[in-house]
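Biologist: Please take me through this model one question at a time. I would like to see how each answer is reached.

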Amino acid sequence: MMAAVTPLDAHLTNLAAALVPYRRHETLLARWGEALARRLADGGRLLVAGNGGSAAEAQHLTAELVGKLRDDRQPLSAIALHAETSAMTAIGNDYGYDEVFARQVRAHGRDGDILLLLSTSGASANLLTAARAGRGSGLTCWALTGPTPNPLAELCHDVLPVDSPDSQVVQELHLVTSHLLCEYVERALPVASAAPGAPVRTGVEVVLDGGTGQQVQA
């Protein structure tokens, strides 16, 4: 008699199956990390949104960017839109739930900023509305989704799909993606911060007054 497949066995089997195709995203992750580092070093902003478990993943990502992943560095501007609870509930009450992210995108996003939308299905109406608002406001729109094709992937400029029919596995690899994206951002940040136009001061600044009260910058 064959032993029954346990929930653990089934889950790990699905996760292992998704890891193989996930490896092909290394180039995309590096490219996203470099682009995001440049934008954030230049004073831009990352806006992130998702529903349910994807909202938790979105907030995890912004926490790593505003705080740090590994080594100490300057804080980076990243906002998880669902965490603005008063704004979100007011917008939902006054304009409908489909607008809860889109109106915040129009409020906070600036031309050239990056909007990252997370969805296992790629079909959430409020994320589709947010993607349209982002594109209309000049933001670069990225998506983390489950298998493609899906409507959100089609609306965004770029997508990282997780090839699994299991939404739990999709969310777990979205978390892996968040960590890797932060890793690539932190690797690219020194070069991005040193680029012309980046609002970062380099070198050593020494202020001397020689006891005269008149300061001279060296």
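Modeller: A pocket is an open set of grid points with protein on both sides within 12 Å along at least five of seven lines. Its volume is the space filled by probe spheres set on those points. Keep in mind that the model is predicted.

Biologist: What is the volume of the largest pocket?

Modeller: Rolling a probe the size of a water molecule over the atoms shows where empty space is left. For the largest pocket, the volume comes to about 170 Å³.

Biologist: Which element gives the largest share of the lining of the largest pocket?

Modeller: The lining consists of Leu19, Tyr22, Arg23, His25, Glu26, Leu29, Leu180, Glu183, Tyr184 and Arg187. Two or more of these residues come from each of H1, helix H2 (26–41) and H8. By class, the lining has 5 nonpolar, 1 polar and 4 charged residues. The largest share, 4 residues, belongs to H8.

Biologist: Are H1 and H8 roughly parallel or oblique?

Modeller: Two packed helices are described by the angle between their axes and the distance between the axes. Helix H1 (residues 7–22) and helix H8 (residues 167–194) have axes 10 Å apart, at an angle of about 45°. Angles under 35 degrees count as roughly parallel. The angle of H1 to H8 therefore makes the pair oblique.

Biologist: How many charged residues are in the contact of H1 with H8?

Modeller: From H1 the contact takes His11, Asn14, Leu15, Ala18, Leu19 and Tyr22, and from H8 it takes Gln168, Val169, Glu172, Leu173, Val176, Thr177 and Leu180. Sorted by class, the contact has 8 nonpolar and 4 polar residues, and the number of charged residues is 1.

Biologist: Are H3 and H8 oblique or roughly parallel to each other?

Modeller: The axes of helix H3 (residues 53–66) and H8 come within 10 Å and cross at roughly 15°. Angles under 35 degrees fall in one class, so H3 and H8 are roughly parallel.

Biologist: How many charged residues does the contact of H3 with H8 have?

Modeller: The H3 side includes Glu57 and Glu64, and the H8 side includes Glu172. The contact divides into 6 nonpolar and 6 polar residues, and the charged residues number 3.

Biologist: Which residue does a cis peptide bond join to Thr148?

Modeller: The bond has an omega of about 5°. The residue lies in the loop between strand E4 (140–145) and helix H7 (151–155). Joined to Thr148 is Pro149.

Definitions and conventions
Residues numbered from 1 in each chain as written. Predicted model: local features only at pLDDT ≥ 70, side-chain atom pairs only at ≥ 80, totals over all residues. Heavy atoms only, no water. Axes fitted to C-alpha atoms, helices over the stretch in contact; angles between N-to-C directions. Parallel < 35°, antiparallel > 145°, perpendicular 65-115°, else oblique. Contact = heavy atoms within 4.5 Å. Nonpolar A, V, L, I, M, F, W, Y, C, P; charged D, E, K, R; others polar. 1 Å grid on protein atoms, 1.4 Å probe; cavity = no way out; pocket = protein on both sides within 12 Å on 5 of 7 lines; lining within 4 Å.
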